[in-house]
Amino acid sequence: MLGTMAITKSSSSGNDTPVASPSTPAPDVTEVTIHPLVLLSATDHYHRVARGTRKRAVGVLLGSSTRGKVDATNSFAVPFEEDSKNSEVFYLDHNYLENMLAMFRKVHAKERVVGFYSTGPQIRSNDLRIFDLVKRFVPAGTITPPVFVIIDVRPGRESIPTTAY
């Protein structure tokens, strides 16, 4: 996989064959591939809006997913703010997200929402709520659940700067 970085998580069931049934749970995500364009976009987003602060950048991951394998080939930033005094309060611009998705669909018809990213460097209390919001934009009939990827933008990092959930 030249030009991509893969983060592999083991599957608890060992069977990733999707079956479209409302009673069947979604297959486990076994592999997440983050393309370099996504890393560059997220880093640029962070440096434009949150560099030198305690803020973080949040964006949407676009790409494809099949049988528990997610391939994030593109992304876009989403206006996002968290209240520094009350960690339960945050703002994510839904209108902006919907407009950007509509524009991306015109240019890249095959790319779909596959999850979201945060510049972390760790999970925060609002991430589950953001996950629920992003899940609304995943196309109907998608079997593989959306992913949450923390992209660590701190300088001096020597390992792969991503962690997928």
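Reply: In this predicted model, Asp132 is partly exposed, having a relative accessible area of 38%, and its salt-bridge partner is Lys135, with the closest N and O atoms 3.9 Å apart. Both Asp132 and Lys135 belong to helix α3, where a spacing of 3 residues places them about one turn of the helix apart. Lys135 is likewise partly exposed, at a relative accessible area of 43%.

Glu88 counts as partly exposed at 45% relative accessibility, and Arg129 counts as partly exposed at 37%.

A further salt bridge joins Arg124 to Glu82, whose closest N and O atoms are 3.2 Å apart. Here too distant parts of the chain are linked, since Arg124 is found in the loop between β7 (112–118) and α3 (127–135), whereas Glu82 is in strand β5 (residues 80–82), 42 residues away. Arg124 has a relative accessible area of 23% and is therefore partly exposed rather than buried, a term kept for values under 20%; Glu82, at 24%, is partly exposed as well.

Arg124 and Glu82 are also members of a network of salt bridges that includes Arg56 and Asp127. For the model, the count comes to 7 salt bridges.

Notes
Residues are numbered from 1 along each chain as its sequence is written. This is a predicted model: local features need pLDDT of at least 70, side-chain atom pairs count only at pLDDT 80 or more; totals for chains, interfaces and linings use all residues. Side-chain values use heavy atoms; hydrogens and water are left out. A salt bridge is a side-chain nitrogen of Lys or Arg within 4 Å of a carboxyl oxygen of Asp or Glu. Helices (H or I, at least four residues) and strands (E, at least two) are DSSP runs, numbered from the N terminus. Buried means under 20% relative accessible area, exposed over 50%, partly exposed in between (1.4 Å probe, protein chains only).
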